[in-house]
Every structure is written in C-alpha cells, then in structure tokens.
Amino acid sequence: MSLGVWLVGGRGSVAVTSIVGALALRAGLAAPTGCVTELPDLRSDALPGFGDLVFGGHDPSPVPLTKKAEALADAGVVPASLVAAVHTDLTVVDADIRPLPHAATQAATAGLIVADLVEFRERHGLDRVVVVNVSSTEPVPDDDPAHASLALLEAALQRERPVLPPSALYAYAALRAGCPYVDFTPSTGARLPALAELAERQRLPYAGRDGKTGETLLKSVLAPMFAQRHLEVRTWSGFNLLGGGDGANLADPAANSAKSASKQRVLQETLGQQPQGTVRIEYVEDIGNFKTAWDLVTFAGFLGTRMRLEFTWHGCDSALAAPLVLDLARLTAAAHAAGRSGPLTELAFFFKDPLGDVPHGLADQWRLLVDFVAGLGPEAAA
C-alpha cells in the first residue's frame, strides 16, 4: 500500500523529525524504537511499510527541510549523521512542503487545499493519503450554529467571516479530498458534528486528539493504579517547562488554556473525580525542543493516612512524538483500507483527549489497540 502522509505544519520540529526518521528507517539506518506498530502484538501485514510512505504538507515557513533538520541535529534531537545520510531524500520531500493557501472565503481556501491533496496523490500514484495535523495549538473556538450540520457549515463557509478554526478547516478539506484525518494537537480538528457528518458521507475514518507523549502518558499509567488500589487521590498538580516552537506558541494564554484542559482530562475520567490542583505550562526558550514536567500527587490510604508521590519527566518532545505520527498514519491508512469510517476510538492509546467513550488507562487502551489491529486482517493491505 503506497501511502501519502500529508503533514499540516510540515516544516515544524515534529514533522521534520518524523520525515528524517521515516527516511532513515527506509534506508535501514535506524531501528524503529518508539514505533509501537513494530512491537510483536501490533506488527501486521495490513499496515503499509515505512518504505511505502511519501511525505508532503503545508507550512508557512520557507526554511528548507535540510536546514531545519540540521538545526534539530545541532539541538540534539536527531543524529547529525542521519541528517547527512538522508540529505538528498530530504531535498526531494522539500518540494512537496508548500505554503498554506489562502483565499477570500474559507470555502475557496478549502478548495485550494483539496486541489493540493489531490494533485499530490495523483502525481505520486498513491493508494491513499492520510492528513496529520502537527501544527501549533489553537485557542478553543467560540461555538457557532454552523458547526451543527454539514449543510449549515457549507453555506457559512461561502461567507467572508471565518466560521471554522484553521484545524477544522483543514479537517474539512482533507475529508472533502477523500483523505482520512488525524489530529495530533489539542485543536478542534474534526471534532464538530458537521465534520463527523462529512466523514460518514465520505466513508472516511478520523482520529485524535492531542498526542500523549510525556506527563499525560504517566498520568494514564499512574491514575489507574490509584483507582485500582482504592487509594484516595486528593490533589494532583503539574508544572511543565517547555521550549521550542510549541512552547513559544503556548506562551499565548488561550492556546495554553486549551492544552492544559486536554492534559487534565485523564484524571477525571480515570479517578471518577477531579482532584484539586492544576497543570501549568511555562515557556523556557533555553531548553529548546526538550520538556520537563514535575508532578506532585497527594493521596490518602487506609485509616486516612496521608502520603505523596512526586515524579519528574524530562524528554525530547519531537523524538517522543515522531514515531507516534508514523504509527498513526499507518494505522489510519490500514483502517481506511479495511472499510472503517468515522472516529477511530480504538486509537485512544495515542491521545490525551481521545474520541469516543473509551477508557483512559493505558493498559485498557493497549488492549483496545491490539484487538483493533488484529481485526484489520492482512486483506486490508490490498
């Protein structure tokens, strides 16, 4: 199965790390560490191979992929030797990372995005294209009556006033172009009734949202432990330090609020109540593409004895996210080939704020994922 992976934010750190990683895997220069689809329980002939992936995307930045990759190597995100080894392939991909089109109305802009996606698919002779949003986090948009149905939305898109946030406009265009959509950000994306209606009409799957790579990944492991041991979690507070482009974007209070809400949701769902405490995110330019999270959990045990847990997570955001982006593109493509449409709730394992009524504990989400891949079957690769 030849698969186009179209990255919204194609010159950003996560996108470029994903591209460098896929090219290195295709050339046999790296191991698939971090790609859960390469674990024995998930390995399947239904999934397209890393060598079958063709990359494109949109991004407002004019910086060539080679220069961005070299900057990531200088920052310790990717090995400089790999960047040098895939330099020629990066220049080829660079031609398919285009400026984001813009027109007088959102309907016209969506039409230009659709044209880019269709041209990319046809020029490379691809079986399918999966659109993955790895762009900056958006503020939570205001509700609009046009979000309620596809007919209302398509009428509103013809007007000059924007009715969709960028991520949702992109989801609309992707679905119109016949492309499954994955939202790796906490932005709105396809999570609107009108877009769910469009996905069903087009018989397309979609997945999201907000990739789970650090502090929330730990919460999804630790919170079920407290619940299953019948320990009372009284407070859970987290303090996150983040550099890089994502950190700079989250310096905006509205974007920061959207991200923080996504990070806290797992506690309410897993514990059955929201403990006291908040998540704070602070931009620290000097730590670049790395992030540090410090969490304090206070809890009560038998006879009300008070106890506490503290943990610190220090990780590289792009190196944690990139293999998951590759996993999600492969899994979503296989689901599309197998005839799946609508929300891919079984991919909750990858997300902070997953679609559908699904468990938030990582172990339960893992079992859903294993069953999902087993159900795809090798015939889906045809």
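Two strands count as paired if DSSP finds at least two bridges between them. In this predicted model, strand E9 (residues 290-300) and strand E10 (residues 306-316) meet that condition, with 11 bridges in the antiparallel sense. Within this pairing, alanine 293 has tryptophan 313 of E10 as its bridge partner.

The hairpin of E9 and E10 has 5 residues between the strands. Leucine 303 lies in this loop. Its phi is positive, about 65 degrees, although leucine 303 is not a glycine. Leucine 303 counts as exposed because its relative accessibility is 76%, and the cut-off for exposed is over 50%.

E9 and E10 belong to an open sheet of 4 strands, in the order E8-E7-E9-E10, with mixed pairing. Strand E8 (279-283) and E10 stand at the edges; each has a single partner strand, so one side of each is left without a neighbour in the sheet. From one strand to the next, the twist averages 10 degrees. Strands of a sheet pair through backbone hydrogen bonds, either parallel or antiparallel. Strand E7 (residues 232-242) and E9 run antiparallel and are joined by 10 bridges. In that pairing, glycine 238 has aspartate 295 of E9 as its bridge partner. In a regular strand, side chains alternate between the two faces of the sheet.

Helix H9 (residues 215-228) lies across E7, E8, E9 and E10, and runs at about 170 degrees to E7. Helix H12 (residues 317-337) lies across E9 and E10, and its angle to E10 is about 80 degrees.

The loop between E6 and H9 contains arginine 209 and aspartate 210. The peptide bond from glycine 208 to arginine 209 is cis, with omega near 0 degrees. Aspartate 210 has a positive phi, near 70 degrees, in a residue other than glycine. Aspartate 210 counts as buried because its relative accessible area is 1%, and the cut-off for buried is under 20%.

Just after H8, arginine 203 takes a positive phi of about 60 degrees.

Which residues does arginine 123 touch, not counting those up to four places away in sequence? They are Asp96 and Arg98. Arginine 123 is found in helix H5 (residues 106-124). The side chains of arginine 123 and aspartate 96 are joined by a polar contact of 2.5 Å. A polar contact of 2.6 Å also links the side chain of arginine 123 to that of glutamate 119. With a relative accessibility of 43%, arginine 123 counts as partly exposed. Along the chain, arginine 123 and phenylalanine 239 are 116 residues apart, and their C-alpha atoms are separated by 47 Å.

Histidine 360 is found in the loop between strand E11 (342-343) and helix H13 (362-376). Is histidine 360 buried or exposed? Histidine 360 is buried, because its relative accessible area is 9%. Leaving out residues up to four places away in sequence, histidine 360 touches Ser220, Val266, Glu269, Thr270, Lys352, Pro354 and Gln365. The side chain of histidine 360 also reaches the backbone oxygen of valine 358, at 3.3 Å.

The last topic is the cysteines. The structure holds 0 disulfides. For cysteine 35, the nearest cysteine sulfur belongs to cysteine 316 and is 15 Å away. Cysteine 35 is in no disulfide because that pairing requires sulfur atoms within 2.5 Å. Cysteine 35 is buried, with a relative accessible area of 6%. Cysteine 179 is also buried, with a relative accessible area of 0%.

How values were computed
Residues numbered from 1 in each chain as written. Heavy atoms only, no water. Helix = DSSP H or I, 4+ residues; strand = E, 2+ residues; numbered from the N terminus. Buried < 20%, exposed > 50% of the residue type's maximum accessible area, 1.4 Å probe, protein only. Contact = heavy atoms within 4.5 Å. Polar contact = N/O pair within 3.5 Å; in protein donor to acceptor, adjacent residues only side chain to side chain. Axes fitted to C-alpha atoms, helices over the stretch in contact; angles between N-to-C directions.
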